Amino acid sequence: MTLDIGVIGVGMIGREHIARLANTLVGARVVALADVDARQAEAVAAGLPGASVYPDGEALIAAPEVQAVVVTSWGPTHATYVLAAIAAGKPVFCEKPLAATAEACLSIVEAEIASGKHLVQVGFQRRYDKGYRALKAAIDGGVIGAPLMIHCAHRNPAVPEAYVSDMAIVDTFIHEIDVLRWLIGDDYVSAQVLKPRNTRHTHAKLDDPIIVLLATKNGVRIDGEVFVNCRYGYDIRCEVVGEEGCATLPEPESVVLRKDAKLSTAIMQDWKLRFLESYDVELQDWIEAAKSGRVDGPNAWDGYFAAVTADACLKAMHSGEVVEIVTPPRPAFYD
Ligand SMILES: NC(=O)c1ccc[n+]([C@@H]2O[C@H](COP(=O)([O-])OP(=O)(O)OC[C@H]3O[C@@H](n4cnc5c(N)ncnc54)[C@H](O)[C@@H]3O)[C@@H](O)[C@H]2O)c1
Ligand SMILES: O[C@H]1[C@H](O)[C@@H](O)[C@H](O)[C@@H](O)[C@H]1O
């Protein structure tokens with residue numbers, strides 16, 4: 001069976017996902033598109049034989065030809081579409097963030113539980129990255145004993161002028177918030193944000209770099225650097241320190257060069273390339289799960305937990321205080 005998918009939002013990542021659905025992945029096709037910029041939707045549809053353009057996301061979700069929905073519009077619009085997909089009983093893959101506020105994420109959790117079906121997957125693609133999976137396998141296998149500390153860094157070479165301080169948390173560190181919790185199977189209890197001296201490559205509305213300190217229920221301490229004007233490349237680092245040893249996220253494969261009296265390997269520049277394979281694996285996984293009737297990747301509860309943690313990090317960043325992270329117990333539906 002081929003899964004007929006409707007995509008809402010044909011911007012940068014929407015077009016990337018459409019291209020992988022059309023050219024790389026199997027068992028699905030894009031049959032419907034919607035974007036507030038209708039001309040952009042028409043332009044993308046022109047390259048997709050048989051795809052129709054709908055006037056808005058709601059009409060696309062309601063269309064009988066659409067069996068499953070991909071939401072890649074702007075973050076603040078996600079909740080409306082995810083809730084509409086749940087109401088229609090259709091599986092939905094929603095790019096991060098699940099919703100713009102923790103409250104809106106919780107309403108999605110409640111709607112999904114009320115529907116009785118696992119329909120929602122959130123686009124936290126790092127859980128599908130083979131390096132992070134190998135790191136998790138080492139931790140779960142007891143190789144380094146109980147995790148005690150995590151040191152990590154999320155560095156972008158540069159960001160657009162519109163990128164401001166809060167985005168360091170909600171757009172960038174959100175990936176660490178999700179993947180570290182998954183990596184060690186633990187939940188966060190507090191957040192603090194330190195602000196080192198700013199790089200001269202930043203601007204008045206962006207504190208860069210920052211260091212986010214998280215503590216978990218089991219007492220693991222995490223320090224996560226976010227540095228989005230580091231200049232030299234896209235660099236994602238993660239070291240888990242355990243009782244019996246340390247495990248480090250592998251570097252992306254790169255040819256080792258001996259040239260001009262130097263031994264060197266390349267550093268990636270583009271985040272799209274760094275996680276290229278994991279985007280393919282996450283969406284293929286979602287396609288198979290959607291067909292089986294139970295979506296089982298990062299779920300609405302994970303999206304909610306990430307939003308609550310991000311809110312605490314923002315509060316910590318603005319106040320300079322240590323902020324407690326409080327969430328209700330995980331509903332049995334998500335066990
Ligand atoms: N997982 C990742 O690594 C990753 C990477 C990039 C972006 N994202 C997420 O994907 C989402 C989209 O990001 P982007 O970089 O593609 O943004 P973008 O601005 O390039 O594209 C967003 C598109 O949504 C459309 N849109 C806005 N409001 C809409 C609405 N109400 N209905 C239908 N379409 C609407 C816009 O016209 C635009 O075409 C964001 O939530 C972003 O955080 C995730
Ligand atoms: O939206 C992007 C994307 O999520 C990248 O993975 C991250 O490195 C960037 O900082 C962020 O702006």
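**Notebook: loops, domains and helix packing**

I looked up P97 and found this residue in the loop between β5 (92-95) and α5; helices (H or I, at least four residues) and strands (E, at least two) are DSSP runs, numbered from the N terminus. I noted that the model is predicted, that local features need pLDDT of at least 70 and side-chain atom pairs count only at pLDDT 80 or more, while totals for chains, interfaces and linings use all residues. Residues are numbered from 1 along each chain as its sequence is written, and chains are lettered from A and ligands numbered from 1 in the order in which they are written.

**Entry 1: peptide bonds and backbone angles**

I checked the bond that joins K96 and P97 and recorded a cis peptide bond with omega of about -5 degrees. I then turned to D208 and P209, which are also joined by a cis peptide bond, here with omega of about 5 degrees. P209 belongs to the loop between β8 (188-194) and β9 (210-216). I also examined R231, which is not a glycine but has a positive phi of about 80 degrees. The loop that holds R231 runs between β10 (221-227) and β11 (235-242).

**Entry 2: domains**

I recorded two parts of the protein chain, domain 1 (3-126 + 277-299) and domain 2 (130-269); such bounds come from an automatic or database domain assignment. Taken over C-alpha atoms, the centres of domain 1 and domain 2 are 28 Å apart. I found six residues of domain 1 in contact with seven residues of domain 2, where contact requires C-beta atoms, placed from the backbone, within 7 Å. The side of domain 1 that touches domain 2 has three nonpolar, no polar and three charged residues. In these classes, Ala, Val, Leu, Ile, Met, Phe, Trp, Tyr, Cys and Pro count as nonpolar, Asp, Glu, Lys and Arg as charged, and the others, Gly among them, as polar.

**Entry 3: α5 and its neighbours**

I compared the axes of α5 (residues 102-115) and α10 (residues 300-319), which come within 9 Å and cross at roughly 165 degrees. Axes are lines fitted to C-alpha atoms, for helices over the stretch in contact, and angles run from 0 to 180 degrees between N-to-C directions. The crossing angle makes α5 roughly antiparallel to α10; angles under 35 degrees count as roughly parallel, over 145 as roughly antiparallel, 65 to 115 as roughly perpendicular and the rest as oblique. On the α5 side, the contact includes A102, C105 and L106, and on the α10 side it includes W301, Y304 and D311. By class, I noted ten nonpolar, one polar and two charged residues in this contact.

I next looked at α4 (residues 78-87), which packs with α5 at an angle of about 5 degrees, the axes being 10 Å apart. These two helices, α4 and α5, are therefore roughly parallel to each other. A79, V82, L83 and I86 of α4 meet residues of α5, among them A104, S107 and I108. The contact of α4 with α5 has seven nonpolar, two polar and one charged residues.

**Entry 4: α6 and α7**

I finished with α6 (residues 130-140) and α7 (residues 165-184), whose axes are 9 Å apart and which pack at an angle of about 30 degrees. Y132, L135, K136 and I139 of α6 make the contact with V179, L183 and I184 of α7. I counted this contact by class as six nonpolar, no polar and one charged residues.

Methods
Two residues are in contact if their C-beta atoms, placed from the backbone, lie within 7 Å.
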